[in-house]
Amino acid sequence: MSAYIILSFLFLFSMIILFHVSHTKINYQSLVSFDKGFNPLYGELNITPYEANKSVQISMDETTSSGFQSKLMYMYGHFESSIKLPENYSAGVVVTFYTCNDHKYPYRHDEIDFEFLGHIHGQEWLVQTNFYGNGSTSRGREERYVLWFDPSQDFHRYGILWTDDRITYYVDDVPIRHVRRVEAMRGDFPSKEMGLYGTIWNGSDWATSGGQHKLDLSHGPYVAKYTSFVLNGCAFNPTQKPYRCKFWNELTSKERVRMQGFRRKYMTYSHCYDKRRYIVPLPECVVDFKELEHLRIFDRWTFGEF
């Protein structure tokens, strides 16, 4: 084989590898500081930027809860933050990281959520994911998972990848949930421009052990910290339609293996397997019988038959 053919082959191979890497690795070029990317939403006295305004802590005390919102709205994108949750007893304290547009579309809003559900000593930490499209709040799509670490002791990364046909949730680069849009979902898939939010508030009625454990402000103030913001999204422009922003649309085989391993070990609830709630699973649901077998360990009454 001539040297020219060998060099041509090596060049082509390197381009294939480069193309694969560039479409599967997260782009961190959109890392922004808090002051550049966000504004207070409410409870401004309980919002404290730090590290030269790169990061922020929000808190809840006896006077108010608090939250922030992105300065821009986005039509699809990858959004991420490293978050450290309140320490010690935090029953009823909900900390969130999510996309939403309810201020612009109050009766048909879209939303993609991470919700941390508070904690009491001796129990595991739970995080919930959910999403809505076009105000479809009557069809909750919740999933809950045990975190394999203590999120109050250090920062961990939480990410949302939202495109025109998928939503993927990440924890420390591990995909934990992957939703593909199907035609039967109709308007239930989030498809309008959204902003990015972080909040802390009182969810005593439902958050911790289904509302059995309530907020106790004597353990406050409760402080959540956010840093390393990624806003790798298509900034909304009403004159630019249709949107040409494109993101990678498929998980790699390695990501799928990691996601399956996570879900079969740490998931504690999924609406897709809750026959008492949805006799017919919602259209995007894909049944994994190993997931179902795992869920029956937690709640055979809910997941016992399928």
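How do the residues lining the largest cavity divide into nonpolar, polar and charged? Keep that in mind as you click around this predicted model.

**Stop one: the cavity.** Select Leu85, Pro86, Ser90, Val93, Val95, Phe116, Leu117, Gly118, Trp125 and Leu126, which line the largest cavity. Its volume is about 60 Å³. As for the opening question, the lining has eight nonpolar residues, two polar and no charged.

**Stop two: the pocket.** Now hop over to His178, Met259, Arg263, Val286 and Glu291, the residues nearest the centre of the largest pocket, which has 20 lining residues. The pocket's volume is about 430 Å³, and its lining splits into eight nonpolar, four polar and eight charged.

Glu291 sits in helix α4 and Arg263 in helix α3, so the pair ties together parts 28 residues apart in sequence. Both Glu291 and Arg263 are buried.

Next, pick Asp188 and Arg141, whose side chains meet in a salt bridge (3.2 Å, N to O). Asp188 is in the loop between β13 and β14 (195-202), and Arg141 in the loop between β9 (126-132) and β10 (143-146), so this pair ties together parts 47 residues apart in sequence. Both Asp188 and Arg141 are buried.

Notes:
Residues are numbered from 1 along each chain as its sequence is written. This is a predicted model: local features need pLDDT of at least 70, side-chain atom pairs count only at pLDDT 80 or more; totals for chains, interfaces and linings use all residues. Side-chain values use heavy atoms; hydrogens and water are left out. On a 1 Å grid over the protein atoms alone, a cavity is a set of points where a 1.4 Å probe fits but cannot get out, and a pocket is an open set with protein on both sides within 12 Å along at least five of seven lines; lining residues have an atom within 4 Å of a point. Grid points are joined across faces, edges and corners, and a volume is the space filled by probe spheres set on the points. Ala, Val, Leu, Ile, Met, Phe, Trp, Tyr, Cys and Pro count as nonpolar, Asp, Glu, Lys and Arg as charged, and the others, Gly among them, as polar. A salt bridge is a side-chain nitrogen of Lys or Arg within 4 Å of a carboxyl oxygen of Asp or Glu. Helices (H or I, at least four residues) and strands (E, at least two) are DSSP runs, numbered from the N terminus. Buried means under 20% relative accessible area, exposed over 50%, partly exposed in between (1.4 Å probe, protein chains only).
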